[in-house]
Amino acid sequence: MLKLFNSYTRQLEEFKPLHGKDVAMYSCGPTVYDYVHIGNLRSFLFADVLRRTLEHDGYKVKQVMNLTDVGHMLHDADTGEDKVETAAAKAGTTPQEITQKYSQYFFDVIKKLNIEPAAEYPKASDNVEQMQTIIVKLIEKGFAYQVGGDVYFDVRKFEKYGQLSGNTLANLDAGARIEINDKKRDPLDFALWISNDQHVMSWKSPWSDKGYPGWHIECSAMAMRYLGETLDIHTGGEDNKFPHHECEIAQSESATGKQFARYWVHAAFMMVDGQKMSKSLNNFYKVEDLEVKGYSPRVVRYALISSHYREQQNFTFDSLSSAKSALAKIDNLVARLEGDSPLINMEKGTVPVTFEQSIEVVERDFYEAMNDDLNVPRALGSLFVFVREMNAALDAGVDPSLKKYALQALKMMISDTLGLAIEKVEMSDVDDELKKLLVERDAARTAKDFARADAIRKTLSDRGYAIEDAAGGARLKKI
Ligand SMILES: [Zn+2]
C-alpha cells in the first residue's frame with residue numbers, strides 16, 4: 001500500500017505500523033518565539049497530507065506535535081542565546097508572554113490552512129520532569145556525563161551516531177562545524193541539561209539549582225510520553241535532520257535500548273523567488289502577507305502542497321496564481337455538477353469515456369500516486385484529467401443522476417485527502433437575461449458581428465461571468 005521514503009535507510013519502504021492499524025506519529029513543531037512563515041508551514045502541511053493519506057488508507061493516526069518554548073538556541077547550537085528569552089528581552093516582556101502570543105498565532109494559522117489538529121500539543125516547559133528522568137537514566141547507563149551543573153551526551157558511546165544525517169563522527173570535521181567547548185569530552189557531545197542562573201525559565205535539577213533542558217531531549221521526552229518508546233513515524237523539516245533528529249535518536253535509543261522511530265520522513269527546504277529565505281531579504285512570508293495580496297489561505301495551502309515534499313520548492317507569486325486558477329477549475333466543475341450550468345447549442349456529442357469509468361480511473365490513479373511516497377503532483381495530474389473529462393461529459397449531456405458520484409469522488413480526493421475545502425461557486429444569479437445574452441452572442445458570432453459579440457462578452461463579465469466555448473456550445477463560468 002503506502003510507500004514512504006525513509007530518510008534513515010535512504011530508501012523507499014512499504015509502510016507497516018508496529019501495532020495493526022494504529023499509527024504513532026510525532027511531528028517536530030514550532031519554536032514559539034516568532035510568527036510561523038510559509039517555510040515552516042510547508043513542513044506542517046506535508047505532515048497533514050501524510051496523515052490524511054494514512055487515514056484514507058484506513059489507519060488510525062495519533063499525531064503529537066510539540067511546542068518548543070525553552071532551550072532552543074540561536075543557530076541550533078547548544079550554547080549561546082535561547083531564542084525565546086532573546087525575543088522576550090527584545091520585546092521588553094516575559095518569555096511566557098512571548099510563547100503565549102506565538103503559540104496562539106500558530107494555532108490560528110494552522111486552522112486557517114485547514115490542518116487537522118494533532119491529538120496533543122505538549123509544551124517543553126510542561127515536560128521537564130520527563131526530560132530529567134531520561135537524563136538520569138542516560139547518566140546511570142554511562143551515555144551521559146555531568147560537568148559542573150551541565151550534563152552532556154557522550155556521542156562516542158553511541159555507535160550509530162550519524163546514520164540519519166550522514167554526519168558520522170568520522171565524517172564530521174569537529175573543529176570546523178562545532179564550537180569548541182572546554183567542558184565537553186568531545187566537541188560533538190551535545191547538551192542535555194544546561195545550568196544557568198540568569199535564565200527566566202529555569203528549573204531545579206539533580207545537577208544544579210537553576211537550569212534548563214537542551215532542545216533535543218525535549219522532543220525525545222514528549223514523543224515517548226505521549227506515543228511510547230518506539231514511534232511509527234517521525235516527521236520534520238530537512239533542516240531538523242542534524243543535529244536535532246540525530247541527537248534525538250542517540251539519546252532515546254541509548255535510554256531505552258529500542259529503536260526510536262521506524263520511519264523518518266523529512267520535507268525539503270523551500271526557496272522564495274529562487275532565493276534562500278533570510279532576514280536580510282525579508283522574504284519570510286506569513287499567510288497574512290499573502291492574504292492582503294489577494295490569495296486566500298486555501299490558495300496558499302494548494303501552492304504549498306502541490307510540489308513533491310522531497311523536492312526543494314521554489315515559492316513564487318506565479319505559483320500562487322497557478323494555484324488560484326487550478327482551484328477555480330475545480331470550483332467551476334463542482335458548480336456544474338451541483339446545478340445547471342447554462343449551456344447553449346447543446347448538441348449531444350460523444351462522451352470520451354463513460355462517467356463511471358472516469359470516476360474509477362481517477363480514484364485509482366490519484367491514490368496510487370498518493371501512496372507512492374505522497375506524489376501530490378502526479379495525483380493532481382490525474383485529477384485535472386478527470387476535470388477535463390467531466391466537463392466534456394457534462395457538455396455531451398450526462399445522466400443527471402450520475403453527477404453525485406463525481407461530486408463524492410471530488411470531495412474525497414480534494415477535501416478529505418488534500419485538505420482543500422470544496423467551495424461552491426454560486427451561480428444562482430444566472431437569470432434568463434444572462435442566458436438570452438449567451439444565445440445572442442453565439443448568433444452574433446455566427447453572423448460575424450464581432451463588435452456585438454464582444455459587447456455581450458463585456459456585459460457578462462461585468463456581471464461576473466466569463467464565456468467558455470466548449471465542444472457542445474458556450475457556457476458561463478464564474479470569474
Ligand atoms: Zn523536535
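Two strands are taken to pair if DSSP finds at least two bridges between them. Strands (E, at least two residues) and helices (H or I, at least four) are DSSP runs, numbered from the N terminus. This is a predicted model, in which local features need pLDDT of at least 70, side-chain atom pairs count only at pLDDT 80 or more, and totals for chains, interfaces and linings use all residues. Residues are numbered from 1 along each chain as its sequence is written.

An open sheet of mixed pairing has three strands in the order β12-β11-β13. Strand β11 pairs with β12 in the antiparallel sense over two bridges, and M271 stands opposite K276 in β12. The edge strands, β12 and β13, each pair on one side only.

| Strand | Residues |
|---|---|
| β11 | 270–272 |
| β12 | 275–276 |
| β13 | 313–315 |

The protein chain has 15 helices and 15 strands in total. Of its 479 residues, 41% are buried (20 or more other C-beta atoms within 10 Å of the residue's own, C-beta atoms being placed from the backbone).

A nonpolar core is a set of buried Ala, Val, Leu, Ile, Met, Phe, Trp, Tyr and Cys residues joined through C-beta atoms within 7 Å. The largest one holds 115 residues, of which I135, F153, L192, A223 and L231 touch the most other members. Helix α1 (residues 38–56) gives the most to this core, with nine residues. I135 touches A144, V151, L192, W193 and I217, leaving aside residues up to four places away in sequence (contact: C-beta atoms, placed from the backbone, within 7 Å). Another core, of six residues, lies apart from the largest one and includes V430, L438, I456 and L460.

Notes. Buried ≥ 20, exposed ≤ 12 C-beta atoms within 10 Å, placed from the backbone. Contact = placed C-beta atoms within 7 Å.
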